[in-house]
Amino acid sequence: MPVMNMIQSLNDAHKVLMRRDEDIVVFGEDIGFFGGVFRVTEGLQKEFGKQRAFDAPISENGIVATAVGMAAYGLKPLIEIQFADYIYPGYDQIVSEVAKMRYRTAGEWTMPMVIRTPYGGGIFGGQTHSQSPESLFTHIAGLKVVVPSTPYDAKGLLIAAVEDPDPVIFFEPKRIYNGPFDGHHDRPVTPWAKHPASEVPEGHYTVPLGKAAVVREGSELTVLAYGTMVHVALAAVNEQGIDAEVIDLRTLVPLDIEAIEKSVEKTGRCLIAQEAPRTSGFAAELSALVQERCFYHLEAPVERVTGWDTPYPHSYEWAYFPGPKRMKRALEKVMAD
Amino acid sequence: MSDKDPAPLKPNRPKLALHVPEPPFRPGDKPDFSRIDVPAAGAAQRPDVAASATETHPLTTSLVRVLDEDNRAVGPWDPKLDAETLRKMLRDMVTVRAFDDRMYRSQRQGKTSFYMKCTGEEAIAVSAQTALDRDDMHFPTYRQQGLLVARGYPLVDMMNQIYSNKGDKLQGRQLPIMYSDKAYGFFSISGNLGTQFPQAVGWAMAAAIKGDSRIAMGWIGDGATAEGDFHSALTFAAVYNAPVILATVNNQWAISSFSGIAGAERATFAQRAVGYGIAGLRVDGNDALAVYAAVRWASERARTNQGPTLIEFFTYRAEGHSTSDDPSGYRPTDEAKAWPLGDPIERLKAHLVTTGEWDDERHDELIKEADANVRAAQKESEKLGILPQQGKDNIGSMFEDVYAEVPWHIAEQREQALDESR
């Protein structure tokens, strides 16, 4: 089976999709001839032509808006916003148009589009290339929100997202494009090739939306995470020697609530890890759900590990990132009682 | 520097001053529109459809006009329409006005929450639609009901939407007049102004990607040209040479803000085309023949891969912004009467009378007939209910169509809502 990093598997997903469906068009800043700043769209213009893979002006508003018009026509736009931090000029179109079109037209017009965007820190991108704005989208009815954490899942989830009838915001954890990350920034980077999920089947397959994955079984604690934090959490529980069950949510909306309930009911403890700022983050929603639905199984308060409620400061990147120290402290707290 | 301690003025520099545009007339003033330059009908040149965009740019500061002082169609822009087409346009415009009057009253009678008239602007949507093909695609804003009427959309369906009643295909989810109909090439209207403008460009790009022959027309008001969406639309249209007509209806008012607040003191809205290097036309929006001719010209251009055209329809919003607005609070009440470009229905009627194709009797008959049609539709629609009666039955339907399938969390909320309604 081919071994791929996440960039290669996402690129492969594009090719599989575009070969199968001529209505899929790909556009975004620098994605055409050049193949994208992270190379995810490399070779698409060469294989599929300029009509189906082309550069867009630096206008996230225009990129999303024209994708709306294309979806109204009957195409399936698969667009790239170069960094999640740049998505805000397109936010009105996403929130007021993309998310609500099916509803406001009673199903006459739908928006089967995918908006891919790299998110998260750990690459010294400073305030404007490091944000994790997923909760701004999980809050919007009508959007699905997906965050892969491995090359295998990235390809399968992207194919499922493009084939889904609803609009999907597809957040790509850019820190782990080239290799999983245990949170120890001072250690050498491990390539994906050493990780089993780098084995990516050729051709078409899907990882269903709305289904979480139990990436580590355990009995003492449930850890809920997505994207980069899946790997940080796994490393932390292993380092602390805690028999934790680690759940990679993969899709935030719709959420796999059954997997969460089942695990928390078994372990009686829950820790939630997100890279985004703490206040009103998706971890807050998860915490509320666990408290509402699993309260009588809980042996300790639900604990959150998050980024700080500050912008992402360039030189203090590793003081901001919820790494091993923050994880350790939270694990000790949630396991204490 | 703190707010309390501004730096001392540098004595040799002028003191800076903020300019906040102010309309020429406020309530109590006598409106005088002599400042508006109204070129003679027929004076504007008509470039070839294949002309370079630059050749159109002198037209962005003039005004394409066809109907002259004597109600005759003159000059190179005269579309030379047959009388039957003109009478159909007149009938549609009269129907739109009758519809607006009935629905305005309906709102005042408490039968619905909201309504928006397009009085004084009827020629724009009706003539534009007449100039396009039936299967071209509109991305309208909220004063283009004439597009639907000109395409023969059932008035009762429009009213069902306005009443959110059992016949409302949008299932009571949208504010009145936010129509949507795919089969009639009328995209869902958004209350977030400007969003539809670049969407029209996207639809046109898709048509071009697919080698289609249909084109798109986007609509925006003078006020919303200030949105970033306007810039995105023109940029993308220019970059990809999209087969789209981008129409700015400059009716001088955005609720209470005059067009100067959107930048009209500096340049015309049509002149925006110059900076993007696309074709631009400025058109007398109260002249049904000029509107038709301009849209026809732009559509031929788009259909033959010669690119987009920005058209400014210069007109005047004769009534309030909506039923929630009272314009007497911010402009003289007699401004509409003083408007130098007249009333579009009266002008088209006078043209048909002048050419011997119409008379006062037939016109009075047409008005009665339009009113009767509107009343009949209203009666039929009201049988299906009016707004105050809605929102009680079929509560579960409000949870559908958020997604293709109802996810667990919305299903749980639906159960709770159904429980509350019992």
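Visitor: Where is Ile209(B) found?

Guide: In this predicted model, helix H6 of chain B contains Ile209(B).

Visitor: Why is Ile209(B) called buried?

Guide: A residue is called buried if 20 or more other C-beta atoms lie within 10 Å of its own. Ile209(B) has 20 C-beta neighbours inside 10 Å, so Ile209(B) counts as buried.

Visitor: With which residues is Ile209(B) in contact, leaving aside its neighbours within four places in sequence?

Guide: They are Val25(A) and Gln51(A). To be in contact, two residues need C-beta atoms within 7 Å. As for Thr95(B), 114 residues away along the chain, its C-alpha atom is separated from that of Ile209(B) by 38 Å.

Visitor: How many residues does the contact take from chain B and from chain A?

Guide: Chain B gives 35 residues and chain A gives 35 residues. On the side of chain B that touches chain A, helices H6 (196–209), H7 (228–239) and H13 (408–421) of chain B each supply at least two residues. H6(B) gives the most to that side, with ten residues.

Visitor: What is the side of chain B that touches chain A made of, by class?

Guide: That side has 17 nonpolar, 13 polar and five charged residues.

Visitor: Why does Tyr276(B) count as partly exposed?

Guide: Buried needs 20 or more C-beta neighbours within 10 Å, exposed needs 12 or fewer, and partly exposed lies in between. Tyr276(B) has 19 such neighbours inside 10 Å, and therefore counts as partly exposed. The place of Tyr276(B) is in helix H8 (residues 272–276) of chain B. Not counting residues up to four places away in sequence, Tyr276(B) touches Leu234(B), Thr235(B) and Ala238(B).

Visitor: Why is helix H5 (residues 155–163) of chain B described as largely enclosed by the rest of the structure?

Guide: Seven of the nine residues of H5(B) are buried, so the helix is largely enclosed. The buried residues are Leu155(B), Met158(B), Met159(B), Asn160(B), Gln161(B), Ile162(B) and Tyr163(B). Their cover includes helix H2 (83–108), helix H4 (145–150) and helix H12 (360–383) of chain B. Just after H5(B), Ser164(B) takes a positive phi of about 50°.

Visitor: What makes the span of helix H10 (residues 282–294) of chain A close to the one expected?

Guide: H10(A) has 13 residues and reaches 18 Å from its first C-alpha to its last, and 18 Å is expected at 1.5 Å a residue.

Visitor: Which residues of H10(A) are buried?

Guide: Phe282(A), Ala283(A), Leu286(A), Val290(A) and Cys294(A) are buried. These residues cover an arc of only 100° around the axis, which puts them on the same side of H10(A). On the other side of H10(A), Ala288(A) and Glu292(A) are exposed.

Visitor: What do the buried residues of H10(A) pack against?

Guide: They pack against several elements of chain A, among them helix H6 (135–138), strand E8 (221–225), helix H9 (257–267) and strand E11 (270–277).

Visitor: Which residues touch the most other members of the largest nonpolar core?

Guide: Of the 209 residues in that core, they are Val223(A), Ala233(A), Trp203(B), Val244(B), Val291(B) and Ala294(B). Helix H9 (residues 288–303) of chain B contributes the largest share of this core, eleven residues. In soluble globular proteins, nonpolar side chains tend to be buried together. Val223(A) touches Ala233(A), Val237(A), Ala244(A), Val246(A), Ile247(A), Leu271(A) and Ala273(A), not counting residues up to four places away in sequence.

Visitor: How is chain A divided into domains?

Guide: The domain assignment gives domain 1 (6–198) and domain 2 (213–336) of chain A. Their C-alpha centres lie 25 Å apart. The contact takes 31 residues from domain 1 of chain A and 31 residues from domain 2 of chain A. On the side of domain 1 of chain A that touches domain 2 of chain A, H6, strand E5 (144–146), helix H7 (151–163) and strand E6 (168–173) of chain A each supply at least two residues. E5(A) gives the most to that side, with three residues. By class, that side of domain 1 of chain A has twelve nonpolar, 14 polar and five charged residues.

Visitor: And how is chain B divided?

Guide: Chain B has domain 1 (33–391) and domain 2 (393–422). The C-alpha centres of these two domains of chain B lie 38 Å apart.

Terms used:
Residues are numbered from 1 along each chain as its sequence is written. Chains are lettered from A and ligands numbered from 1 in the order in which they are written. This is a predicted model: local features need pLDDT of at least 70, side-chain atom pairs count only at pLDDT 80 or more; totals for chains, interfaces and linings use all residues. Domain bounds come from an automatic or database domain assignment. Helices (H or I, at least four residues) and strands (E, at least two) are DSSP runs, numbered from the N terminus. The expected span of a helix is 1.5 Å times one less than its number of residues. The arc is that of the directions from the helix axis to the C-beta atoms. A nonpolar core is a set of buried Ala, Val, Leu, Ile, Met, Phe, Trp, Tyr and Cys residues joined through C-beta atoms within 7 Å. Ala, Val, Leu, Ile, Met, Phe, Trp, Tyr, Cys and Pro count as nonpolar, Asp, Glu, Lys and Arg as charged, and the others, Gly among them, as polar.
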